[in-house]
Amino acid sequence: MRSKVLIASLVIACIICVVGVIGVFRNVEAGSASAPGIIAIRPTLANGNARFTAADVRAYFQAHPTPPQMSLAPGHTAKILSIDFITSKEASQRMKGESVGLPDNALVCYVQLSGPFLLGMISRPPGTKPIPPSDTATVVFDAQTGNILVSGTP
Amino acid sequence: MLFTYKRSVTYLTVIAILLLAIFIQGIAPPKAMAAPLYSCGDLQNNHCYAVVGWSGLVNGADTRIGTRGITGGGCGVNTEMWLLDSTSTYWVEAGITAQINLNNNTPTLFWADNRPGGGFHNHFSGPLVSGDYGANALTRITLSGSNTYNISISAPITNFSGVSTNSFVNPDGIWIGMELCGSQGASVPPVGITNNRWLDGVGGWHYQTTDAPVISLNSPANGYWFARPSQSSTGGDWSVCIIGAGC
């Protein structure tokens, strides 16, 4: 009986050893890529071209008053100027040709905010002039996932 | 008997626990320790850098940025490449970022541009997944036409691409390295930025063969040539890390 338990323990140890070696060399399959964009609005609608509403957008900015990487100029409060569910192509045109990253006919939620905003963590190359504060900012959400695809200033 | 039954089971149990610990460590994305306090400015100004750069008219550039468990702490950190115009006023950039309030400070692929008359805009992938780590992300920016750039960043599983239109002309600066902002919490284990190449006007790719001079180096952001382009056949290896948290 004891020898059977000993053999079983040896087998288990060998299995764990093999799996551990696999883990060390990262041969473990690691899933598929996440949807593009910054996780932001959790979809509230089960289906449809847009899976969240303008009210969801307002709720998001209630909790996150500024676009990613931006801060408000002191003494100011961010305001939503507009919330538009439009095509990716139209959103790109509104941003003077800035790419959205989705097919032209994909639906996005285009939000304009008033600040003024200071551009934070914008990965400015060293020695370049700071980008001046901007009165407005734009955030583009994927209308299906609620993720932020683009944020920026005019 | 030299080994009693009880002693054998005890030894095997210890070995099993050790191997389980190795397994868990093996599949987890590596994380460096948090950095001590530092002074790398606020969200806008006075960031810390470990950046080198080549100058000269090109049609594009690419590099491979190591995918490791970086964290941005209270502000953020990027490991990336910039392509700039001759005045260093406009640029396109691409790489890996980890920032507070961005995908839970998980490394994320990004690209951004600052265009003449077009403002500044950031673009983000989803967060890297565990299979992306321990490898590198091929990061490429190339000119298409006179003022349009194609951008692509390809990690083993997560890929991201975009187009910068109505952008600047005559790119003549290729900068690579790390940017750090904030005052605490960021960590970057040594990340190699390797296989540095530039694209000529007729579609030919060339490895960098000169040691790009330092553009900016501010502690705790640290960078060093792990392999100099002048002594490498594959464009060198500019390694970056944070002193006290990864270096």
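Confidence is expressed here as pLDDT, the predictor's confidence in each residue, on a scale from 0 to 100. The structure is a predicted model, in which local features need pLDDT of at least 70 and side-chain atom pairs count only at pLDDT 80 or more, whereas totals for chains, interfaces and linings use all residues. Residues are numbered from 1 along each chain as its sequence is written, and chains are lettered from A and ligands numbered from 1 in the order in which they are written.

Chain A has an average pLDDT of 87, and 86% of the residues score at least 70. Helices (H or I, at least four residues) and strands (E, at least two) are DSSP runs numbered from the N terminus. Among the elements of chain A, the lowest mean pLDDT, 66, belongs to helix H1 (residues 2–24), and the highest, 98, to strand E2. Over residues 24–29 of chain A, pLDDT stays under 50. For this segment the model has 9 contacts beyond four places in sequence, a contact being a pair of residues whose C-beta atoms, placed from the backbone, lie within 7 Å. Where pLDDT is low, the predicted coordinates should not be read in detail.

Burial was assigned from C-beta atoms placed from the backbone: a residue is buried if 20 or more other C-beta atoms lie within 10 Å of its own, exposed if 12 or fewer, and partly exposed in between. In helix H2 (residues 54–63) of chain A, the buried residues are A:Asp56, A:Val57 and A:Tyr60. Viewed down the axis of H2(A), the buried residues fall within an arc of 100° and therefore line one face of the helix; the arc is that of the directions from the helix axis to the C-beta atoms. An α-helix has 3.6 residues a turn, so residues three or four places apart point the same way. Exposed residues A:Ala55, A:Arg58 and A:Gln62 are carried on the face of H2(A) turned away from its buried side. The cover over the buried residues of H2(A) includes strands E2 (79–87) and E3 (107–119) of chain A.

A nonpolar core is defined as a set of buried Ala, Val, Leu, Ile, Met, Phe, Trp, Tyr and Cys residues joined through C-beta atoms within 7 Å. The largest such core has 92 residues, of which A:Val108, A:Val140, A:Phe141, B:Leu180 and B:Val188 touch the most other members. Strand E3(A) gives the most to this core, with 8 residues. Residues up to four places away in sequence aside, A:Phe141 touches several residues, including A:Ala40, A:Ile41, A:Val108, A:Cys109 and A:Leu149.

Chain B has 1 helix and 17 strands. Of its 247 residues, 55% are buried. Among the contacts in chain B with a separation of 6 or more, 68% are accounted for by residues 24 or more positions apart.

Backbone geometry was also examined. Most residues other than glycine have a negative phi, and most peptide bonds are trans. The peptide bond from A:Gly115 to A:Pro116 is cis, with omega near 5°, and A:Pro116 lies in strand E3 of chain A. A cis peptide bond also joins B:Ser219 and B:Pro220, with omega about 10°; B:Pro220 is in the loop between strands E15 (214–217) and E16 (221–227) of chain B. A:Lys96, in the loop between helix H3 (88–94) and E3 of chain A, has a positive phi near 55°. With 14 C-beta neighbours inside 10 Å, A:Lys96 counts as partly exposed. Phi of B:Asn103 is positive, near 50°, and this residue counts as buried, with 23 C-beta neighbours inside 10 Å.

Terms used. Two residues are in contact if their C-beta atoms, placed from the backbone, lie within 7 Å.
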